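Me: Could you walk me through this structure with a few questions and answers? I am new to this, so please keep it friendly.

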There are 2 protein chains.
Amino acid sequence: MPHTPVWFMRQAGRSLPEYRKVREGTTMLEACTRPELVAEITLQPVRRYGVDAAIFFSDIVLPLKAIGVDLDIVPGVGPVMAEPVRRREQVDAIGVLTPDDVGYITEAIGLLTAELGGTPLIGFAGAPFTLASYLVEGGPSKNHEHTKALMYSDEHVWHALMSTLADISAAYLRVQVDAGASAVQLFDSWVGALSASDYQRYVMPHSQRILASLAETGVPRIHFGVNTGELLPLMRDAGADVVGVDYRLSLSDAATRVGDGVALQGNLDPAVIFSSPDAVRTRVDAVLDSASGLPGHVFNLGHGVLPTSDPEVLAAVVRQVHERTQH
Amino acid sequence: MPHTPVWFMRQAGRSLPEYRKVREGTTMLEACTRPELVAEITLQPVRRYGVDAAIFFSDIVLPLKAIGVDLDIVPGVGPVMAEPVRRREQVDAIGVLTPDDVGYITEAIGLLTAELGGTPLIGFAGAPFTLASYLVEGGPSKNHEHTKALMYSDEHVWHALMSTLADISAAYLRVQVDAGASAVQLFDSWVGALSASDYQRYVMPHSQRILASLAETGVPRIHFGVNTGELLPLMRDAGADVVGVDYRLSLSDAATRVGDGVALQGNLDPAVIFSSPDAVRTRVDAVLDSASGLPGHVFNLGHGVLPTSDPEVLAAVVRQVHERTQH
């Protein structure tokens, strides 16, 4: 690539007026199951920003919904379960995911790869801890107390749940790669709520199994979570080719922690997008300075695009990264 | 002390039935201004748990309210400002705090020290970054985007705001110490949203000034925030005698980061309280093991008591810490 590649987590979606327009009258979960709509929403930020990758528009709970878990995505709240999952028999009742459960995903990716030409399409899935948190809490949670209580109190049920979720995520990512996705990101958004030793014992084996299952496909595997400064070396060891870094740690410090042989993705604070044009430029430069000399750096935000972000500012960030890193 | 001292952040308040009873029919801000009620609520967890310190029942926005900032504490939401503070003239309009503004605090602490006997009373205040976030966002915030935007975009207004807030917090802590508080905790709950370099440039000088202003009083100064693994050495340098550690980092790792000459406070994950009795015991032991050999360790949670915590479990934690560390 002639410059540092750039894309934004949540680049497709709420911050774009053209997204809000096409989503009118459609629920989130409906939107995720309509191939033409998924393709259109996925392409919107590519057209608008000239980012170097598309990321498939969806939600991390979609594969759970697809195999019959009773949940909804409530506007302004997030994924809400009909019933929290905390008992063994509930875990055992969660099925497996087959390509037929998500035929609309295969179809959407087919449409997208045809449209995208040389621009890579990133597939994604939620990692087991983050999915488990939604299931066990029954919805979004600040403190993950029921999730941790299950993890600490009943290791058998915990690992059964995590293993079930790992199978689902692995199968779901495989569907996306088979359909044409050229990279994948495994989102463990909330895993930064754990200490390194808990991560290693309760989470890592499951995320590792997902990432290992994709090794033979040869696609780059990105692994990301927020608040993961203490976990970065373990997330690398889980099998990531690219480790996403949130905005709390400079990329040069993150590189020291993860060592050679793995690329970094990040890490402009999404809150910077609300700053003055000068401040945005200075901060983008600081990220690029910090990444200087790091092979394979992928520019991104340190977390998803905030819903009230100004798309013009994001467009200026893409231009700046491209211009400054042109070679 | 014959054992490791233990207290819990937010030990007074929502998790106790006796608290909910005495608060009936009173708003949070009213409750904070009634000396007898403050004293009663502060004493409740001391009676129930036998903790080794009382922490003054209040809210970090109280001193702002006391000097006329138009705000309310909305149940289930938190502090909400009538108007977000983002412009220079709004910053200039914030006054200073004098002991007369908070006479009810002096009175409450007088009642408390009389009742508490030898049990220390910890005073507290919000640190400037955390107070600034409530003011600039207009209420609680997940991403602190307007706060950071102001910080990055207009350093003059930012430092003026932080300096004003530092004066208020310093004066407020001084009132508490003069009235009889025997230690203070400076809460920078949300500062873990910043990188170390941003903390150093935009926050540390102000927190440092507050802590320095208390040096001559000789009371121990505790400094705490969540998600502060990267910031601990700087929070020590800001002038803390005791650094609070959240649950993401073991106390032994935290000790390596902060070095000698400072004590650590923490760090049982408040979510552990929802686990089985066996799991709670194992986790309390793990904290004590990790603190073994660290002089001055104060046992606490790694964040505040969660509102739905079972008081019986907290009582058992206090007993376990006392029994295991008796010498």
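Reply: Happy to! Let's begin with a term: a polar contact is a pair of N or O atoms within 3.5 Å, where, within protein, one must be able to donate a hydrogen and the other to accept it. Keep in mind that this is a predicted model.

Me: How many residue pairs are in polar contact between chain A and chain B?

Reply: Each chain brings residues to the contact, 31 from chain A and 31 from chain B. Counting pairs with both residues at pLDDT 80 or more, the number in polar contact is 11.

Me: Which helix of chain A gives the most to the side that touches chain B?

Reply: Helix 8 (145-153), helix 10 (196-213) and helix 13 of chain A each supply at least two residues of that side. With six residues, the one that gives the most is helix 8.

Me: With which side chain does the side chain of A:Asp269 make a polar contact?

Reply: Leaving aside neighbours within four places in sequence, A:Asp269 is in contact with residues including A:Tyr247 and B:Tyr152. The polar contact, at 2.6 Å, is with the side chain of B:Lys148.

Me: How many salt bridges are there between chain A and chain B?

Reply: A:Arg283 forms a salt bridge with B:Asp198, and their closest N and O atoms are 3.0 Å apart. Between chain A and chain B, the count of salt bridges is six.

Terms used: Residues are numbered from 1 along each chain as its sequence is written. Chains are lettered from A and ligands numbered from 1 in the order in which they are written. This is a predicted model: local features need pLDDT of at least 70, side-chain atom pairs count only at pLDDT 80 or more; totals for chains, interfaces and linings use all residues. Side-chain values use heavy atoms; hydrogens and water are left out. Contact means heavy atoms within 4.5 Å. A salt bridge is a side-chain nitrogen of Lys or Arg within 4 Å of a carboxyl oxygen of Asp or Glu. Helices (H or I, at least four residues) and strands (E, at least two) are DSSP runs, numbered from the N terminus.
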